[in-house]
Amino acid sequence: FRVYERLADELGYWPIVTSGYRCLEHQKELVMEGISSTHWSVHVFGLALDVDFNSASEVKRAVEILKKMDIRPRIGWKRYLDKGKTFVHFDLGFLIIPRYSPKLHEGVEW
């Protein structure tokens with residue numbers, strides 16, 4: 001939550017959270033629908049948020065803010081923006097011990 005709060009402070013407004021914590025059942029449904037590729041999303045651990053913006057420029061501004069934080073969240077935005085979507089996924093999945101995926105590293109972008 002602190003990452004989101006700091007993002008909102010920098011932006012000057014609270015962007016809309018479209019997804020936060022997900023139970024295992026909901027995550028399973030997302031996998032079955034082809035929306036997610038993993039049953040063990042960082043959302044299941046309560047360490048991820050998807051935040052929606054109004055434009056590509058707002059997405060890019062949010063990403064720049066997230067990159068400058070002292071704890072650097074993993075940030076998913078490029079492939080979504082390439083599909084015309086204006087949301088940013090960010091998480092602190094690298095805090096999960098033991099790490100269940102080699103993708104869980106601080107500051108990773110996709």
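**Reasoning about pockets**

Trainee: How do the residues lining the largest pocket divide by class?
Mentor: The model is predicted. In that lining, twelve residues are polar, nine are nonpolar and seven are charged.

Trainee: What is the volume of the largest pocket, and which residues are closest to its centre?
Mentor: The volume is about 810 Å³. There are 28 lining residues, and Ser36, Ser37, Arg79, Tyr80 and Trp110 are the closest to the centre. β1 (16-19), α2, α4 (78-82) and β4 (87-91) each give two or more residues to this lining. The largest share, three residues, is from α2.

Trainee: Where does Gln27 lie?
Mentor: In helix α2, which covers residues 24-32.

Trainee: Which residues is Gln27 in contact with, leaving aside neighbours within four places in sequence?
Mentor: Arg22, Ser36, Thr38, His39, Ser41 and Val44.

Trainee: What lines the second largest pocket?
Mentor: This pocket holds about 350 Å³ of space. It has 16 lining residues, with Phe1, Arg2, Val3, Tyr4 and Leu92 nearest the centre. Helix α1 gives the largest share, four residues. By class, ten are nonpolar, two polar and four charged.

Terms used: Residues numbered from 1 in each chain as written. Predicted model: local features only at pLDDT ≥ 70, side-chain atom pairs only at ≥ 80, totals over all residues. Heavy atoms only, no water. Contact = heavy atoms within 4.5 Å. 1 Å grid on protein atoms, 1.4 Å probe; cavity = no way out; pocket = protein on both sides within 12 Å on 5 of 7 lines; lining within 4 Å. Points joined across faces, edges and corners; volume = space filled by probe spheres on them. Nonpolar A, V, L, I, M, F, W, Y, C, P; charged D, E, K, R; others polar.
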